[in-house]
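Welcome to this short tour. Please open your viewer and get ready to select residues as we go.

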Amino acid sequence: MVGYEGRNLPLFVLRCNIYLEVVVQLSAIEAARYSPVRTEQALAKKAHSHAVFPAPDHDHGRCASDAIAHAEAVCTARKERLTPIRRQVLEALLERHQPLGAYELIDRLAEDGARPAPITIYRALDFLREQGFVHRIESRNAFVACGHNHDSGDPVVFLICEKCGAVGEAASATVAETIRTASRAVGFTPKTPVIEIFGTCAHCSAN
């Protein structure tokens, strides 16, 4: 709790990898709006139809095929090409809900054919990130496929399970607006604001 004009207000600090520290001070009534229950409800309403953390027994094949179909449709609409190597990299990332490093991707693709050069993988990843099909987990220096339909510049909230390594992508209109407001206040234009939150997913907590 910190004092502000004679009142004690809760202090919320969000540290983003755009090196911007966002500080939000809320009154007691306003803070109630950000309770864990209400925050979870807001995330659920704004999330894509895919679950943030799919159940272990979910139809992963359909999950991956839907993501590929979405990528193909977007590329067609934007007159971009989902070349074979770009598709292979995306498919490799869609095999699991865990981030993979560039050299892990190289090893994975080498299992099915010739070993691709690092520059080839990085170029494919750059394209996939520009189109919003893939995100980079900065703290892991790794990449994860995106199953959500949003603009490439939208704030992204990653929930990273420290036990199983799964990465869930959530959305929060409140957090997004806070980042935009704080950025505009200092004349800063965020390129790709990302928030990474470490903890334990519901599946691991239940076991």
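Helices (H or I, at least four residues) and strands (E, at least two) are DSSP runs, numbered from the N terminus. Residues are numbered from 1 along each chain as its sequence is written. This is a predicted model, in which local features need pLDDT of at least 70, side-chain atom pairs count only at pLDDT 80 or more, and totals for chains, interfaces and linings use all residues, while side-chain values use heavy atoms, with hydrogens and water left out.

**Stop one: Asn141.** Select Asn141 in the loop between β5 (134–137) and β6 (142–145). Although Asn141 is not a glycine, its phi is positive, about 50°. Asn141 is partly exposed, at 47% relative accessibility (buried means under 20% relative accessible area, exposed over 50%, partly exposed in between, with a 1.4 Å probe and protein chains only).

**Stop two: Lys79.** Now go to the loop between α3 (60–78) and α4 (84–94), where you will find Lys79. Lys79 is not a glycine either, yet has a positive phi of about 60°. With a relative accessible area of 78%, Lys79 is exposed.

**Stop three: α4 and α6.** Next, show α4 together with helix α6 (residues 118–130); they pack at about 80°, with their axes 9 Å apart. Axes are lines fitted to C-alpha atoms, for helices over the stretch in contact, and angles run from 0 to 180 degrees between N-to-C directions. How are α4 and α6 oriented to each other? They are roughly perpendicular (65 to 115 degrees).

To see the contact (heavy atoms within 4.5 Å), select residues including Val89 and Leu93 in α4, and Ala124 and Phe127 in α6.

Terms used
Angles under 35 degrees count as roughly parallel, over 145 as roughly antiparallel, 65 to 115 as roughly perpendicular and the rest as oblique.
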